[in-house]
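Please read them with the coordinates open.

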Amino acid sequence: MVLLKRAFRNAFLGILRHRGLSLATILVVGLTFGTTSGFALFAFTTEKIINYYESRALVTAFFKDEATEVQILTLRNELLARPGVVEVTYTSKEQAFSIYSEQFKDQPELLESIPTNILPASLDVRTESLDDLPKIAEFFQGNELVEEVAFYQDVVARFKSLVTAARYSLLALTTVFALISILIVLATVGLIIYSMEEEIEIMALLGASPTYIRLPFIIQGAVYGVLAALLTGGLLTLAIPIVLPYFRSFFANVPLPDPSPLFQLGLIGVEIIFGTILGSLGSYLAVNRYLKF
Amino acid sequence: MIEFKQVTKHYPNSTIALDKITFSVSPGEFVFVVGPSGAGKTTLVKLLTREELPTEGEIRFGERDIASLRPGEIIQHRRDLGVVYQDYRLLSKKTAFENVALALEVLGRSDQEIKEIVPHALSLVGLEERGEHFPHQLSGGEQQRLAIARALVHEPKAFIADEPTGNIDPETAWGIIKLLEKINKMGTTILVATHAAHIVNKLNERVVELERGRVVRDQRGGKYGSS
């Protein structure tokens with residue numbers, strides 16, 4: 001208990017008495033966290049955008065004239081019960097003609113030349129994953145009520161490989177960023193301990209135990225980590241409302257809601273946990289380097 | 001209490017700092033280790049504090065073989081010593097009070113004890129008014145006296161000093177030596193490495209003289225150079 005009390009006192013005295021170095025450490029660690037967190041948020045938003053576009057791909061089934069609305073709606077309910085199906089939209093023959101009329105209202109000759117019931121009723125099916133779309137296409141192809149299935153397999157396959165490449169790239173970049181961030185934090189905290197090498201040696205010469213020597217530095221490292229995390233959390237809270245509208249203007253159709261206060265608190269919480277672990281680990285490793293017996 | 005048996009210390013650049021030195025110090029004895037710069041005095045102190053290991057030979061402190069101590073035993077060994085280093089080795093970011101208190105903190109002494117003992121140690125070396133000053137705010141002599149206070153505050157079994165009067169005016173140096181004499185009379189073993197002839201010659205204690213890493217003289221009531 002006395003050891004812990006003294007460790008905390010020495011840690012805080014150390015931070016105050018090495019003000020300049022402490023501030024520099026907090027700024028460097030904070031900047032590193034900020035860059036990595038900013039990139040992680042970018043990756044998270046990009047993933048949302050990819051998800052959105054992925055869910056926009058669909059299979060459309062056009063029904064024969066003899067298919068009744070009841071039969072089609074039964075099929076719709078059957079599809080909605082299938083796992084992975086997100087949305088099934090029914091378009092009746094009338095609705096189809098009204099959409100057609102709306103699209104070609106400036107070309108009345110096109111409207112006059114066709115009867116109002118010529119367009120088929122259809123079902124548009126969207127799934128969570130692109131992988132589920134071929135199964136839906138197969139499902140329709142085996143049904144005698146279906147006249148034609150519109151499923152652009154090549155386009156979907158190409159989009160799928162693009163999405164996979166984008167996801168792997170994001171994952172790889174986020175991992176690289178996180179690793180660089182860890183190394184920078186360990187090196188920065190290590191540098192401040194390096195400046196205290198003599199202090200560590202003197203304490204060891206006075207007969208201080210390794211725990212007595214290490215503990216204040218570990219606490220000091222943890223405090224740097226927490227302060228840097230709070231700094232980053234604060235900056236991100238300020239930056240999100242500024243950056244998000246740019247994403248919204250680029251991807252107008254994609255719903256990108258404001259992050260909830262809970263999400264932001266969670267983000268700061270994760271930063272604090274990482275900051276504490278990395279700060280104290282960095283100190284522990286650095287002190288061990290100079291602790292010779 | 002302290003025993004050097006055929007101790008040799010070579011440094012990697014093939015400097016021979018100590019060459020087969022043999023001598024012992026009994027409990028409660030006051031010994032000056034004298035010799036010019038480079039004679040091996042500082043190496044001898046470093047071997048005693050286990051900062052360095054001997055290349056050959058054996059060094060004993062009581063029952064301990066210093067070279068074969070395990071890390072936990074090194075900690076205990078260093079707590080049994082009070083050492084004044086040539087470069088003082090004060091903690092620059094701690095006040096004079098905190099520097100002295102550190103020697104008690106590492107022993108696990110209570111805050112209350114520290115509050116009582118440290119001012120007494122500081123007043124013994126005439127620094128009672130300088131407790132809140134940082135080492136860089138003290139003169140060379142004051143820093144040296146602070147190092148002495150830190151070395152004595154935990155009542156070590158042996159007090160070892162490497163040039164403890166090097167930067168002090170003769171009057172203060174004499175005061176320090178009288179203090180060491182007093183502590184020695186209370187039973188603490190004292191080993192002082194110095195080339196301050198005037199101090200050695202006034203005290204009439206045992207003198208072990210080193211020259212180029214060898215013991216060239218070991219004399220009770222000895223003198224050194226010209227006084």
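Predicted model: local features only at pLDDT ≥ 70, side-chain atom pairs only at ≥ 80, totals over all residues.

1. Residues are numbered from 1 along each chain as its sequence is written, and chains are lettered from A and ligands numbered from 1 in the order in which they are written.

2. Chain A is divided into domain 1 (2-53 + 160-290) and domain 2 (55-153); such bounds come from an automatic or database domain assignment. The C-alpha centres of these domains of chain A are 51 Å apart.

3. Helices here are DSSP runs (H or I, at least four residues), numbered from the N terminus. In chain A, the axes of helix H2 (residues 19-56) and helix H7 (residues 153-194) come within 10 Å and cross at roughly 170°. The axes are lines fitted to C-alpha atoms over the stretch in contact, with angles running from 0 to 180 degrees between N-to-C directions. H2(A) and H7(A) are therefore roughly antiparallel, the term for angles over 145 degrees.

4. A:Gly30 is found in helix H2 of chain A. A:Gly30 is buried because 24 other C-beta atoms lie within 10 Å; the cut-off is 20 or more, against 12 or fewer for exposed and in between for partly exposed, with C-beta atoms placed from the backbone. Not counting residues up to four places away in sequence, A:Gly30 touches A:Ala228, A:Leu231 and A:Thr232; contact means C-beta atoms within 7 Å.

5. Between the chains, 13 residues of chain A are in contact with 14 residues of chain B. On the chain A side, the elements giving two or more residues are helix H1 (2-17) and helix H8 (197-205).

6. Helix H3 (residues 96-105) of chain B is mostly covered, with nine of its ten residues buried. These buried residues of H3(B) pack against H1 of chain A, and against helix H4 (111-124) and helix H5 (140-152) of chain B.

7. The largest nonpolar core has 102 residues, and those with the most contacts inside it include B:Val33, B:Val100 and B:Leu191. A core is a set of buried Ala, Val, Leu, Ile, Met, Phe, Trp, Tyr and Cys residues joined through C-beta atoms within 7 Å. Its largest share, twelve residues, comes from helix H9 (residues 210-250) of chain A.

Technical notes. Contact = placed C-beta atoms within 7 Å. Parallel < 35°, antiparallel > 145°, perpendicular 65-115°, else oblique.
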